[in-house]
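Open the model in your viewer and keep the sequence panel beside it. This tour goes from the whole chain down to single side chains.

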Amino acid sequence: MPHAIRIEKAGGPEELHWRDVEVGPPGEGQVRLAQTAVGLNYIDVYHRTGLYPIDLPSGLGLEAAGRVEAVGPGVTDLKEGDRVAYASAPIGAYAEARLMPADRLVKLPEEIDDTTAAAMMLQGMTVQYLIRRTYRVKASETVLLHAAAGGVGLIACQWLKALGATVIGTVGSDAKAELARAHGCDHPIVYTRENFVERVKEITDGAGVPVVYDSVGQDTWEGSLDCLAPFGLMVSFGNASGPVPLVNLGVLSAKGSLFVTRPTLMTYIAKRSDLVASANELFEVVRSGAVKIGVNQSYPLAEAAQAHRDLEARKTTGSTILTI
């Protein structure tokens with residue numbers, strides 16, 4: 001029987017259990033996948049801890065690559081043997097084999113291997129919607145990106161540089177600063193010893209930035225607002241340090257008629273057409289060489305608990321995959 005990571009109650013990494021699972025034939029609109037690599041993302045931690053509640057018991061994970069083993073009734077766009085990847089619900093990517101809705105899968109170009117695909121789909125399409133749809137960054141603009149040495153961060157730094165933007169990025173150490181710089185971050189700020197608000201004001205000659213991309217949450221919220229220029233957009237797309245406090249709308253007025261959004265990839269790719277368009281734009285920027293996907297850590301899928309410990313301890317950089 002194939003194996004999968006299962007979670008029976010919310011909690012720490014110790015709640016991730018390696019179990020035998022039964023995977024039946026695909027139903028209407030489904031395919032059965034033999035998975036080859038699984039992506040690790042911070043949203044998996046939120047699901048595990050219960051910050052984002054899920055029905056339990058459950059699998060875990062939203063991103064993987066693999067090969068179609070069988071096609072269910074009504075599926076016309078895929079066939080047995082196709083290489084595919086995904087980054088969406090239903091939860092359960094931490095598995096050797098599984099059933100998936102065919103309309104949530106995209107075919108992989110020959111130039112992109114399974115490991116790269118598993119490392120980039122969720123993070124790469126997150127970057128795509130953030131910098132091309134939530135706020136469409138233009139050449140010559142300066143933006144602030146928190147967690148610049150993380151998986152989303154390293155992809156975003158490269159893509160933003162390819163667009164001609166100037167990137168200010170916060171990181172937690174000198175080593176991460178060098179990593180971010182090597183991927184296109186013009187001004188890495190080590191937040192453990194530098195005041196990032198003061199540094200942003202220095203870099204922008206007091207003007208601030210038109211957009212802040214913040215996946216950290218609680219610890220950076222107030223400072224991020226202070227970095228924005230009038231009419232600037234605060235994009236809060238994660239809570240690595242804890243949930244953002246209740247928003248006082250009066251503060252947004254006082255700080256310059258600011259805008260705030262709390263986007264999620266799942267909304268941006270809910271339509272099949274948007275999913276395909278997002279994936280294709282990501283594939284193109286990777287195939288062009290403008291964005292390189294670095295898999296900086298890998299763990300056997302059975303050791304997902306250790307991968308979660310390292311992710312939460314901020315020991316990881318760039319993309320991490322779970323191997324099968």
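Accessible areas here come from the Shrake-Rupley method with a 1.4 Å probe, and for residues only the protein chains shown count as cover. This is a predicted model, where local features need pLDDT of at least 70, side-chain atom pairs count only at pLDDT 80 or more, and totals for chains, interfaces and linings use all residues. Residues are numbered from 1 along each chain as its sequence is written, and side-chain values use heavy atoms, with hydrogens and water left out.

**Stop 1: the whole chain**

Show the surface. The chain exposes about 13,500 Å². Carbon and sulfur atoms supply 51% of that area. Now switch to cartoon. Look for 10 helices and 15 strands; these are DSSP runs numbered from the N terminus, with helices (H or I) of at least four residues and strands (E) of at least two. The radius of gyration is 20 Å, close to the 20 Å that the globule rule gives for 324 residues, so the chain is as compact as a globular protein of that length. That radius is taken over C-alpha atoms, and the rule is 2.2 Å times the number of residues to the power 0.38. Along its principal axes, the C-alpha trace spans about 60 × 40 × 35 Å.

Of the 324 residues, 54% count as buried. Buried means under 20% relative accessible area, exposed over 50%, and partly exposed in between.

**Stop 2: Val200**

Select Val200. Which helix holds Val200? It is α5, residues 196–203. Val200 is buried, with a relative accessible area of 0%. Show its contacts (heavy atoms within 4.5 Å). Leaving aside neighbours within four places in sequence, Val200 touches Leu144, Ile168, Ile189, Val209 and Cys227. The C-alpha atoms of Val200 and Pro26 are separated by 52 Å.

**Stop 3: the aromatic rings**

Rings of Phe, Tyr and Trp (its six-membered ring) pair if their centres lie within 6.5 Å; planes under 30 degrees apart count as stacked, over 60 as edge-to-face and the rest as tilted. The whole structure has 3 aromatic pairs. Select Tyr129 and Tyr268. Their ring centres are 4.3 Å apart and their planes at 20 degrees, so the pair is stacked. The pair links distant parts of the chain: Tyr129 is in helix α2 (residues 114–134) and Tyr268 in helix α8 (residues 265–268), 139 residues apart. Tyr129 is buried at 2% relative accessibility. Tyr268 is buried at 18%.

Finally, select Tyr42, Tyr46 and Tyr52. Ring pairs link these three into a cluster.

Notes
Buried means under 20% relative accessible area, exposed over 50%, partly exposed in between (1.4 Å probe, protein chains only).
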